[in-house]
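Subject: Structure for your review

Dear colleague,

Please find the structure below, followed by an account of what was found in it.

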Amino acid sequence: MKILVTGAAGFIGYHLCEKLVSLGHTVVGLDNINDYYDVNLKLNRLKQLGISTLPENNVVINSSLHNEQFRFVKMDLEDRHNVPALFETEKFDVVTNLAAQAGVRYSLEKPFTYVESNIIGFLNILEACRNYNVKKLVYASSSSIYGLNEKVPFSTNDNVDHPASLYAATKKSNELMAHTYSHLFGIKTIGLRFFTVYGPWGRPDMAMYLFTDAILNNKAIKVFNEGRLSRDFTYVDDIVAGVVSTLINDIKGTPLYELYNIGNSKPVQLEDFISQIEKSTGKPATKEYLPMQPGDVEKTWADVDDFKAKYNYQPSVNIDEGVANYVAWYRNYYGV
């Protein structure tokens, strides 16, 4: 198939592009390379895909490794002229929308950025799918959508009317918008609520990076809510396997609008997660205990039974293996 992956220079987007190319699909990656975090990390991900020099805006270029099987375009998701033009030219079979302004805490500082990228940009993708006959859209939602819910594990049947951050609110908006387009225009949409993704090439604003970086560089790590947090840490390869399954499989009897959790379904206490990093680095952590941060939630835990049943989702990487893989990558990448 010919597949558009937005957010291709991002953490999950990069890994997804690698996997889809290895499976023989033709991929066009789109990203605006914003400076929310270290741009060099994004550029180095693209180099792994054979894009060593950024093209001019809105110009599609071929990979030096994969030729026309992977191509890249630097483009804003909310560009109402160039995004539709790309769809018209490329005639995508399916689309994966992973591009978004990420980060829960940052949404307290830059709310308009989230609305522009996550809502206007997503609407632009939906309209392009509608107008250019894309048969399926798979898009990233988030575990943050469960907000202040206290019942665990989180189920897609739960009420999600109490988001704790604007980021979470934009993700709920995406789900509602996708439902509307499925209902009105017959577009197949599959929303995936990602749960705390980690692994090699991960973002520098995420706990995995922050803790590893601090421990290896003899800095104190910030432990919020006095350490009374747990997260459903999910290794990036397991996330990508789930996304690929939704892209390439057409399951008979499923509705046009689908929504699933995608996580490890085994929440890990923050203190245990830190201990695992200490084990992999061979160094003890210096901890600075702090109160709960605005927008954060105490626990995440995914109910993935329906996703397993429909798309044969089977997370297989445990926290020991995943953390060891990340620390090995970090040491190599940063030369520590």
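Glu226 has a relative accessibility of 36% and therefore counts as partly exposed; buried means under 20% relative accessible area, exposed over 50%, and partly exposed in between, with a 1.4 Å probe and protein chains only. Its phi is near 55 degrees, a positive value in a residue other than glycine. Glu226 sits in the loop between β9 (220–223) and β10 (230–231). Helices here are DSSP runs of H or I with at least four residues, strands are runs of E with at least two, and both are numbered from the N terminus.

As to provenance, this is a predicted model, in which local features need pLDDT of at least 70 and side-chain atom pairs count only at pLDDT 80 or more, while totals for chains, interfaces and linings use all residues. Residues are numbered from 1 along each chain as its sequence is written, and side-chain values use heavy atoms, with hydrogens and water left out.

Other backbone features

Trp201 likewise is not a glycine and has a positive phi, of about 70 degrees. Trp201 belongs to the loop between β8 (197–198) and α6, and at 10% relative accessibility it counts as buried. A cis peptide bond runs from Val152 to Pro153, with omega near -5 degrees. Pro153 is placed in the loop between β6 (136–142) and α5 (166–185).

Helix α8 (residues 270–281) packs against helix α10 (residues 319–334) at an angle of about 50 degrees, their axes being 9 Å apart. Axes are lines fitted to C-alpha atoms, for helices over the stretch in contact, and angles run from 0 to 180 degrees between N-to-C directions. The angle makes α8 oblique to α10; angles under 35 degrees count as roughly parallel, over 145 as roughly antiparallel, 65 to 115 as roughly perpendicular, and the rest as oblique. The crossing of these two helices is right-handed, a term used if the near helix is turned clockwise from the far one by less than a right angle, with left-handed for anticlockwise. On the α8 side, the contact (heavy atoms within 4.5 Å) is made by Phe273, Gln276, Ile277, Lys279, Ser280 and Thr281, and on the α10 side by Ile319, Asp320, Val323, Ala324, Val327 and Arg331. These contact residues comprise 6 nonpolar, 3 polar and 3 charged, where Ala, Val, Leu, Ile, Met, Phe, Trp, Tyr, Cys and Pro count as nonpolar, Asp, Glu, Lys and Arg as charged, and the others, Gly among them, as polar.

Helix α6 (residues 207–216) packs with α8 at about 45 degrees, with the axes 10 Å apart. That makes α6 oblique to α8, and the crossing is right-handed. Met208, Phe211, Thr212, Ile215 and Leu216 of α6 meet Leu270, Phe273, Ile274, Ile277, Glu278 and Thr281 of α8. Here the contact residues divide into 8 nonpolar, 2 polar and 1 charged.

The axes of α6 and α10 come within 11 Å and cross at roughly 60 degrees. These helices are therefore oblique to each other, and α6 passes α10 in a right-handed crossing. Met208, Tyr209, Thr212, Asp213 and Leu216 of α6 make this contact with Val323, Tyr326, Val327, Tyr330, Arg331 and Tyr334 of α10. The division for α6 with α10 is 8 nonpolar, 1 polar and 2 charged.

Asp213, in α6, is buried, with a relative accessible area of 13%. Leaving aside residues up to four places away in sequence, Asp213 touches Lys219 and Tyr330.

Helix α7

Of the 13 residues of α7, 10 are buried, so this helix is largely enclosed by the rest of the structure. The buried residues are Val236, Asp238, Ile239, Val240, Gly242, Val243, Val244, Ser245, Thr246 and Leu247.

The loop containing Glu78

Glu78 lies in the loop between β4 (67–74) and α3 (82–90) and, at 28% relative accessibility, counts as partly exposed. Its C-alpha atom is separated by 6.9 Å from that of Glu116, 38 residues apart along the chain. Not counting residues up to four places away in sequence, Glu78 touches Glu116, Ser117, Ile120, Gly121 and Asn124.

Yours sincerely
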